[in-house]
Amino acid sequence: MIALRELTTIKDLEQLEKIERNVWDMPPLPIHQTLTAVKNGGIIIGAFDKKEIIGFSYGFAGFKDSQTYLCSHMLGIEEEYRSKKIGEQLKRQQQEIAIRKGYSEIHWTYDPLETRNAYLNLTKLKGICSVYMENAYGEMKDGLNKGLPSDRFEVHWHISSGHVREAETVNYKNPVPLNEVNINNGLPSCTVFHEEQLTEDIYGFEVPKDFQHIKSENQEIAMEWRMLTRKIFQGLFRAGYAAVHLIPGKYTATYIFVKENTLNLGGHK
C-alpha cells in the first residue's frame with residue numbers, strides 16, 4: 001500500500017535525490033532551494049512503499065499577471081512503480097493541500113506528444129491547456145527530451161472550479177477531425193485550415209500514442225510531428241480553443257479541443 005505525506009524537513013528532502021537521478025538522469029535540485037520553496041508556499045509530497053520513497057511531486061509558489069498559483073514543476077516515480085495510478089494520487093493530494101493553503105489554480109507543463117501525461121493531466125485530472133510554449137526549456141539532453149525542441153503545453157488546473165469538481169465526465173462525442181495518422185509509417189498529416197474557419201464546437205486532433213518509439217525509430221519523423229503539432233495547436237489556441245481531453249486508441253490518441261469560454265472555470269458550483 002502506497003502512503004503519501006508532505007515533505008517539509010531537510011531529512012525528508014534528502015530522499016528525493018535518488019529518484020531525481022533515476023528518473024531524469026540529472027543532478028538533483030539543491031536542498032537549500034527545495035527547503036526554501038516549501039517554507040514559502042511550495043508543496044512537496046512523497047509517495048512511500050512502507051518506509052522507502054518511490055515517488056514525489058514538487059511545486060512552488062508562482063505569480064503572473066496579478067495572479068498567484070502553485071507552479072507544479074516536477075513529478076517523478078521509480079520505474080517499477082509506474083502505471084499504478086501513483087502519479088494521479090500525488091496530484092490529487094497536491095490539489096487538496098493547495099486548496100487548504102489558499103490556491104485556486106495549479107500550473108505545470110508537459111510535452112503534448114507524450115500521451116500518457118496528456119491522459120492524466122486532461123482526461124483524469126480535468127486540467128485544460130490554451131498556452132503553447134515553444135522550446136520552453138531550451139536544449140534538453142536527458143533521455144526523454146534529447147534531440148527535439150522542448151515544446152510544452154502549459155496546463156491550468158482550476159482546482160476549485162465546476163469543470164474540475166463536477167463528478168460526471170463529459171462525453172466528447174463526434175469531434176470534427178483535423179487529421180488522420182498513417183499508422184504504417186507514423187507520418188503526420190493534417191487538414192489545412194485557417195483560424196477563421198474554426199467554427200465548430202469540438203475538434204479532434206490525432207497524435208501517435210507512443211512518441212518515444214517514433215523518436216527511437218526515425219528522428220526526422222519525430223521532428224515533423226513536433227513542427228506540425230506546434231503549428232496546429234498554436235492556431236487552435238489563438239482561435240479561442242483549449243485542449244480539454246485525450247481519448248487513447250490502439251496506436252494513436254486523439255486530443256479534444258473546445259472553446260475555452262464554454263468551460264465552467266469560475267468556481268465550485
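Predicted model: local features only at pLDDT ≥ 70, side-chain atom pairs only at ≥ 80, totals over all residues.
**View 1. Strand E2 and its two antiparallel neighbours.** Strand E2, which covers residues 43–49, is mostly covered, with 6 of its 7 residues buried. Strand E1 (residues 2–6) is joined to E2 by 5 bridges, and the two run antiparallel; within this pairing, Arg 5 has Gly 46 of E2 as its bridge partner. Strand E3 (residues 52–64) also runs antiparallel to E2, to which it is joined by 7 bridges, and here Ile 45 stands opposite Ser 57 of E3. The hairpin of E2 and E3 has 2 residues between the strands, and in this hairpin Lys 50 takes a positive phi near 60 degrees.

**View 2. Helix H4 and the glycine that follows.** Helix H4 is made up of 16 residues, 86–101, and reaches 22 Å from its first C-alpha to its last, which is close to the 22 Å expected at 1.5 Å a residue. The buried residues of H4 include Ile 86, Leu 90, Ile 97 and Ala 98, and among them are also Glu 88, Lys 91, Gln 94 and Gln 95. After H4 comes Gly 102, whose phi is positive, near 105 degrees.

View 3. Leaving aside residues up to four places away in sequence, Thr 109 touches Met 133, Tyr 137, Arg 152, Phe 153 and Glu 154. With Tyr 137, the side chain of Thr 109 makes a polar contact, side chain to side chain, at 2.6 Å. Cys 71 lies 38 residues from Thr 109 along the chain, and the C-alpha atoms of the two are separated by 9.2 Å.

Methods. Residues numbered from 1 in each chain as written. Heavy atoms only, no water. Helix = DSSP H or I, 4+ residues; strand = E, 2+ residues; numbered from the N terminus. Expected span 1.5 Å × (residues − 1). Buried < 20%, exposed > 50% of the residue type's maximum accessible area, 1.4 Å probe, protein only. Contact = heavy atoms within 4.5 Å. Polar contact = N/O pair within 3.5 Å; in protein donor to acceptor, adjacent residues only side chain to side chain. Pairing = 2+ DSSP bridges.
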